[in-house]
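Some labels deserve a check against their cut-offs.

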Amino acid sequence: MPIQEHGVIGDLRTVALVGSDGTLDWLCFPHFDSPSVFAALLDPEKGGYFRISPEPDGAVRKQFYWPDTNVLVTRFYTPDGVGEIIDFMPLVGAGEHVHPRPREVLRRVRVVRGSMAFRMECLPAFNYGRDPHTTKLIPHGVNFCSKRLNLTLSTKVKLEEHARGVSARFELHAGQSAVFALSEGAPDTCADTVHSHESSEALFRDTVNYWRRWLRKCTYTGRWREMVYRSALALKLMTFEPTGAIVAAPTCSLPESPGGVRNWDYRYVWLRDAAFTVYAFLRVGFKDEAGAFMRWLEARCAELPEDAPLSLMYSIDGGRVPPEEVLGHLSGYGGAQPVRIGNAAADQLQLDIYGELMDSVYLYNKYGAPISYDFWRHLRRLVDWVCDHWQERDEGIWEVRGGRRHFVYSKLMCWVAVDRAIRLADKRSFPADRTRWLAVRDTIFEEIMQKGWSADRKAFIQAYGHEALDAANLLMPLVFFLSPVDPRMLSTLDAMHRPPEKGGLVSDGLVFRYDADATLDGIAGREGTFNLCSFWLVEAMTRASVSAPRYLEEARLTFERMLGYANHVGLYAEQTGMSGEALGNFPQALTHLSLISAAYNLDRTLGRRQ
């Protein structure tokens, strides 16, 4: 199924993707960054899948979320009846406190009118299809056993064993249901644990109630509330509850260009992405999630050796990201190769992460809870490191593989790191080398204004001595580096608004992150528009409308145009392709957090104008 034809379910430890045809074609278990069990999204033959679909084919399909939850419903309409699959991972508890219970993927098949025949196929492929497994039928279920992981599928439906897994054919009439539950382990029998209609209904209700109780903490009440709610629910799904870590996306190697080579593994914690997510959570009232990540971040800072920089990304348990590896046996999504796991960008130098980190800490201290002195000591050491190294070249926010440069955005976020540290020290009366920090902050500012500005283009540019534009510079007014109505900022906005063929970055309101041909990023192929950057443009225009009203209407039109590029259940991948298709890993945290921020600020500004 196309990327955009999926919904996602999860249990705050991992996520599964379910296509609108009833196929679960992506699941890493037991955690986000564990090897896959089902990966048909990356290879329909070797990847493994768990499909439930009507027989014969031809049913009209509709997929949606149970309102205000992450419980997914896939409904089928035929002349003979109406059936549906309700997919979820059970969660029981209130707020952030989830009661311990066996972890499972629960798939409830129901017929609500008439009758319908179904076919079920469960063909796991452990460790990205590299590990063989045995299949053993047991009472009311089947065990799949590999050298790394054992899984059990329990059901009252009669199963037929195959070489790679099991299948079943069954028919249901109005009011009847069948339940399939996939869980860890290899018991001798499922007779005592197989779900009945009543037990699965109870878990369904408990999970619905869990998500609704969690969502009630949301303080956003403005326009586009449904989309903000969906984005918040998606961000929560990408939170690893045991540690508070937030992954960039729950998938790997979904291509940024159709059939191309820009295929990366996003199942890790980028400090940048997670710090932005903290901002989004704080904006709409989710202080517990922000606090959990702050504790995770403090632990990473405390582990650092003296004078060592932070890694730009970590595994969900705070460890090192595994080396990049190519899975040559997988054909790739739509033939996009290579299929990669791990991420070599973990070894890059990206100076901007310190700005996003310090900004999130500053905001958490202001809107969440005061940080501790010990945390401040670690942060102070990082700020001193930034003061020593901000003049270095780096790979930048977009993780180019064409060599280091003096990226303007990296310098900007170094300025943010020092600026927020000064503000935090003053607000809390923390000890700090204020004299040096003030001098460094001012030096960075002056250098950006001199070397990061192009008099020819009348815009801030991507890197010193390099005239290409970069959408990351839209954050200048958002981080209070410049006034949103500073003439240089307005001129940069106008330059970016030009279509790509005229040197700009905007195509019908959708924004390319940079000109791939002019950037020399060291990676072959082109890519789609970057959804994150489109929402950044909305927010930059919203702020510019304070004294330039012409931008406000354009900001709203751009924002609402972007809402139309969400998929059928309100989710976004990283990019939007030239044909409107979703590209890149899915769903992507950066896109959803930037949607929340843009909606918050645009709604507030529109309210003031009424």
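Q: Why is arginine 434 called partly exposed?
A: In this predicted model, arginine 434 has a relative accessible area of 27%.

Q: What makes aspartate 426 and arginine 434 a salt bridge?
A: Their side chains meet at 2.8 Å, N to O. The cut-off is within 4 Å, so the pair counts. Aspartate 426 is partly exposed, at 46% relative accessibility.

Q: Why does the pair of arginine 550 and aspartate 494 count as a salt bridge?
A: The closest N and O atoms are 3.8 Å apart. The rule asks for within 4 Å, so the pair qualifies. The pair links distant parts of the chain, with arginine 550 in helix H14 and aspartate 494 in helix H11, 56 residues apart.

Q: Is arginine 550 called buried or exposed, and why?
A: Exposed: its relative accessibility is 56%, and the label needs over 50%. Aspartate 494, at 31%, is partly exposed.

Q: What separates glutamate 539 and arginine 543 along helix H13?
A: About one helical turn, because they are four residues apart. They form a salt bridge, with the closest N and O atoms 3.0 Å apart. Both are buried.

Q: How do you know that strand S11 is largely enclosed by the rest of the structure?
A: Of its 20 residues, 14 are buried.

Q: What makes S5 and S11 a strand pair?
A: Seven bridges join them, antiparallel. Pairing needs at least two, so they pair. Tyrosine 49 stands opposite leucine 123 in S11.

Key:
Residues numbered from 1 in each chain as written. Predicted model: local features only at pLDDT ≥ 70, side-chain atom pairs only at ≥ 80, totals over all residues. Heavy atoms only, no water. Buried < 20%, exposed > 50% of the residue type's maximum accessible area, 1.4 Å probe, protein only. Helix = DSSP H or I, 4+ residues; strand = E, 2+ residues; numbered from the N terminus.
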